[in-house]
Each structure stands twice: as C-alpha cells, then as structure tokens.
Amino acid sequence: MTDTAPPATPFITRVRIENYKSIAHCDVQLGPFTVLLGLNAAGKSNFLDALRFVRDAVSRGLPEAVGERGGLVDVLRRVPEAAEACTIALEFHVPEHSTETVLTGRYEITFGYAPDSEESYVEAWVQRECCEIGPADSPLARFQVENRDVFQMENGDIEKPTAGRTGRVRPGELYLPLVSASGETYGRLRDALSGMFFYEPELCALRDARPAVRSGVLAEDGGHLGGVLGLLDPVVRERVSAYSGAIVPQLTQVSPSTEDGDYIAAKMTLSVGPRARPMEFRAESMSEGTIRAIGLLAALFQPAARDGRLPLVAVEEPELALHPSAAGALFDALTEASLHTQILATSQSSELFDRKEADLDAIRVVVVQDGVTAVGPVDDVSRRIVRDGLATVGDLLRSDQMVPQPPRTEN
C-alpha cells in the first residue's frame with residue numbers, strides 16, 4: 001500500500017543529549033522513519049520532549065520552555081546525582097523546496113542554573129549556544145555564545161571562532177531567534193525547528209466540531225480534524241480512507257462533515273454489506289480506537305507535513321487503543337508518511353515489528369539502566385537472533401531481552 005518514492009531526507013539526523021530528565025547521556029542517529037522502542041517508563045517520552053524543548057525554547061523563549069515543565073528541578077537529571085546543567089545538540093538538514101538546496105549543520109544549547117554572581121532572578125541560564133550552518137571546512141554562517149558573550153562569523157575562518165564579536169544577550173535569552181530576524185540562513189533553521197510537530201491527541205479535541213482552518217495544520221491535540229480532512233488532496237484523502245479501512249473493518253471513507261455551518265467535524269462512512277445502504281457517523285459517535293486512528297492518519301498525511309512546513313512529525317504510541325491486527329496497516333502508514341516528512345515515533349508494541357519486512361535499522365532501543373535512560377540501535381546479539389530466525393523483534397521485546405548497542409570505544 002506504500003508509495004515507491006525514495007524517503008525524504010531527514011530533518012534531524014543526530015541528537016546528543018546530556019542530563020535531560022532521565023537521560024544522562026545519549027548520542028542517537030535518526031533516519032526518515034525512526035521508532036523508539038521500549039517498555040513503559042523507559043524514557044522514550046523524555047527523548048521526544050528534549051526535541052520539543054528545543055522547539056519551544058526557540059519559538060517561545062527558554063524561560064517559558066523551562067517553566068512549563070516545572071522548572072529546572074524537573075528538567076535536569078536527578079539520578080544518581082543532581083546535574084547542574086543540560087546539553088541538547090542537534091545535527092540537521094534543512095531543505096529549501098523552492099530551490100532544492102539543503103542547509104546542513106548543527107545547533108547546540110547548554111543551560112542550567114544561573115551563576116551565584118549573576119542575576120538570581122533568572123533560573124535558566126544559557127551557558128553555551130552555538131550554531132554552524134554549512135560544510136565544516138567552509139561554513140556559511142556560525143555563531144557561538146558563551147555566558148552571554150556573542151561571537152559571530154559569516155563566511156569566515158572556523159579556526160577563529162571569536163572573530164566578529166557582536167555583544168551580549170540578555171540573561172536566559174537564546175541568540176538564534178534574534179539573529180534569525182536579520183538573516184535568511186538562520187531564519188530557515190529557526191522556522192524548521194519551530195515547525196517540528198508533536199502529536200498528543202485528546203479525545204475531546206478529536207471529536208470537536210471547529211471552524212475551518214486554511215493552514216492545513218492539525219492542532220497538536222488533534223483539534224481541527226474535520227477541517228484538515230477537508231483540505232487533503234483527493235488522492236491523499238483516498239489513501240487516508242484506505243488505511244482507515246485496513247484498521248477499522250467496513251470503513252470505506254473518512255471526510256469532513258459540514259452539517260453545523262462553519263463548524264467542521266470528522267465523519268466516516270461504513271459499508272455493512274453489498275445491498276445495505278452506507279451509514280455515516282460523526283466523530284462524536286465513533287469509538288475511541290476509530291477516532292484515534294483517523295486522527296493519527298490526519299497527523300501523518302496533513303498538507304503541512306507533505307509540503308515541507310512540518311519537517312518532523314513525532315507521535316507517541318500510535319498503536320494506542322488499536323487492535324493488534326491493525327499493526328501492519330499502521331506500520332505501512334508510518335512508513336509511507338516518512339516519504340514526505342521525518343517520522344519519529346515511540347512504541348511499546350511487540351506486534352508493530354512482528355513482520356519480516358520490519359527494518360531493524362529504524363529501531364532505537366530505549367531501556368533503563370542503573371536508574372537512567374539509555375538509547376541506541378539494536379545490539380549485535382539481537383540482530384543475529386532476528387537474522388537467524390530464532391526470535392522476532394516482538395519476541396525480544398516481550399521477554400525484555402532487547403538492549404541498545406553499547407557505544408563503540410576508540411582504541
């Protein structure tokens with residue numbers, strides 16, 4: 001059921017995290033479609049939230065991003081000892097769809113408690129922020145912030161990162177949002193980081209009839225579902241209906257319902273037999289599993305995800321409230337969506353990968369070791385077991401035998 005086009009170039013290619021919530025350290029490569037696979041409370045959500053933290057800090061400010069998570073005491077790692085600072089570093093590819101050029105580079109922030117000698121009213125202190133866009137040997141743009149001192153360089157020599165000192169930022173302030181206002185290169189990165197989409201559906205929002213939207217962007221809680229279904233390209237809507245039918249027996253079509261004037265809700269059509277008249281059901285009459293399935297498919301195939309405005313779509317436990325038999329169609333939908341935007345999902349479903357074509361390279365195993373989260377690719381032993389047909393990925397997960405590959409050590 002999937003397209004034959006090559007997968008989209010992933011927006012975030014590498015994530016390094018130090019001391020964020022339960023994650024003491026991880027260095028993870030991401031592809032067009034990556035699944036964080038692990039049991040409950042392993043720390044999968046914390047990995048996603050680290051990316052969302054960068055999104056929120058860049059788009060709304062570091063103090064607000066920290067504050068809405070309960071403050072630094074809840075953001076910084078506390079086990080086995082309390083950390084004083086956190087680092088989140090991303091390597092990226094930012095495509096420009098009008099010119100087909102791609103910006104590559106890295107962006108990194110380190111933040112923690114304010115120094116005793118500085119303003120005590122600022123809880124989250126930016127210790128370091130750096131951004132480099134372009135080839136490592138000849139960057140298009142680069143800046144670095146060290147404890148509020150800004151060093152910026154355009155088309156310069158990376159051997160001299162202190163060249164072009166431009167001043168200081170305010171306490172707790174990130175420099176990328178400031179410099180992006182005056183430079184297209186930084187602006188493209190800021191827009192891409194701000195455009196990362198984290199889908200956290202709520203049943204009430206999925207079922208609500210809401211005014212039409214023109215943006216083609218689903219609310220992250222699933223709101224405006226009917227409006228987004230109405231904006232889908234007819235071919236795409238047929239794909240969404242086909243996947244919905246594979247997940248929900250007898251479902252033949254999903255579409256918007258406009259019975260409430262300007263307010264739009266989701267609607268599904270069921271065909272119960274060759275001679276029976278098709279039956280239509282509004283969102284409020286759908287079961288939880290059905291409306292969640294339609295909402296998830298809308299999140300994956302929404303217009304903004306297919307035209308590049310949402311460079312990454314993250315979903316937590318897409319299999320929630322679905323029958324295990326739906327795992328195959330769900331896996332196909334996630335894979336097809338990754339042809340147009342980067343897909344990052346968490347899962348604890350053994351059924352999702354109980355299939356011969358499941359790609360082990362798409363899995364990042366998440367476990368708790370000594371009280372902290374470890375994340376990494378499937379270890380070599382598990383790969384051999386699966387390759388030799390001794391067990392499936394689902395078997396290993398059910399028996400809690402999957403562990404991430406230990407970091408390679410340099411000789």
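How closely do the axes of helix H8 and helix H11 come, and at what angle do they cross? This is a predicted model, so please keep that in mind throughout. The axes come within 9 Å and cross at roughly 155°. H8 covers residues 234–247, and H11 covers residues 327–337. Angles over 145 degrees count as roughly antiparallel, and therefore H8 and H11 are roughly antiparallel to each other.

Now the residues that meet there. H8 brings Arg-239, Tyr-243, Ala-246 and Ile-247. H11 brings Ala-329, Asp-332, Ala-333 and Glu-336. By class, that contact has five nonpolar residues, three charged ones and no polar ones.

Stay with H11 for a moment. What kind of unit do S15, H11 and S16 make? They make a right-handed β-α-β unit. Strand S15 is residues 312–316, and it pairs with S16 in the parallel sense over five bridges. To place one of those pairs, look at Val-315: its bridge partner in S16 is Ala-345.

On to S16 itself, residues 342–347. Is S16 enclosed or open? Six of its six residues are buried, so S16 is largely enclosed by the rest of the structure. In a regular strand the side chains alternate between the two faces of the sheet. Here, Gln-342, Leu-344 and Thr-346 point one way. Ile-343, Ala-345 and Ser-347 point the other way. Both sets are buried.

S16 has another partner, strand S3, residues 33–37. S3 and S16 pair in the parallel sense, over five bridges. Thr-34 has Leu-344 as its bridge partner in S16.

S3 also pairs with S17, again parallel, over three bridges. There, Leu-36 has Arg-364 as its bridge partner. S17 is residues 363–369. Five of its seven residues are buried, so S17 too is largely enclosed by the rest of the structure.

What follows S17 in the hairpin? Strand S18, residues 372–377, runs antiparallel to S17, with six bridges joining them. S17 and S18 form a hairpin with two residues between them. In the turn, Asp-370 has a positive phi of about 55°. Gln-369 stands opposite Val-372 in S18.

Next, two single residues. Pro-10 lies in the segment before strand S1. It is buried, with a relative accessible area of 15%. Which residues does Pro-10 contact, beyond its neighbours within four places in sequence? Leu-30, Gly-31, Pro-32, His-93 and Gln-342. Gln-342 takes us back to S16. Pro-10 and Ile-343 are 333 residues apart in sequence, yet 8.5 Å apart in space, C-alpha to C-alpha.

Buried or exposed? At 12% relative accessibility, Arg-52 counts as buried, because the cut-off is under 20%. Leaving aside neighbours within four places in sequence, Arg-52 is in contact with Arg-69, Phe-198, Glu-200 and Glu-316. Glu-316 belongs to S15, residues 312–316.

Last, the whole chain. How many helices and strands does it have? There are 13 helices and 18 strands. Of the 411 residues, 52% count as buried. Take the contacts with a separation of 6 or more: residues 24 or more positions apart account for 59% of them.

That's my tour. Over to you.

How values were computed: Residues are numbered from 1 along each chain as its sequence is written. This is a predicted model: local features need pLDDT of at least 70, side-chain atom pairs count only at pLDDT 80 or more; totals for chains, interfaces and linings use all residues. Side-chain values use heavy atoms; hydrogens and water are left out. Buried means under 20% relative accessible area, exposed over 50%, partly exposed in between (1.4 Å probe, protein chains only). Contact means heavy atoms within 4.5 Å. Axes are lines fitted to C-alpha atoms, for helices over the stretch in contact, and angles run from 0 to 180 degrees between N-to-C directions. Helices (H or I, at least four residues) and strands (E, at least two) are DSSP runs, numbered from the N terminus. Angles under 35 degrees count as roughly parallel, over 145 as roughly antiparallel, 65 to 115 as roughly perpendicular and the rest as oblique. Ala, Val, Leu, Ile, Met, Phe, Trp, Tyr, Cys and Pro count as nonpolar, Asp, Glu, Lys and Arg as charged, and the others, Gly among them, as polar. Two strands pair if DSSP finds at least two bridges between them. A crossover is right-handed if, with the strands pointing away from the viewer, the path from the first strand over the helix to the second runs clockwise.
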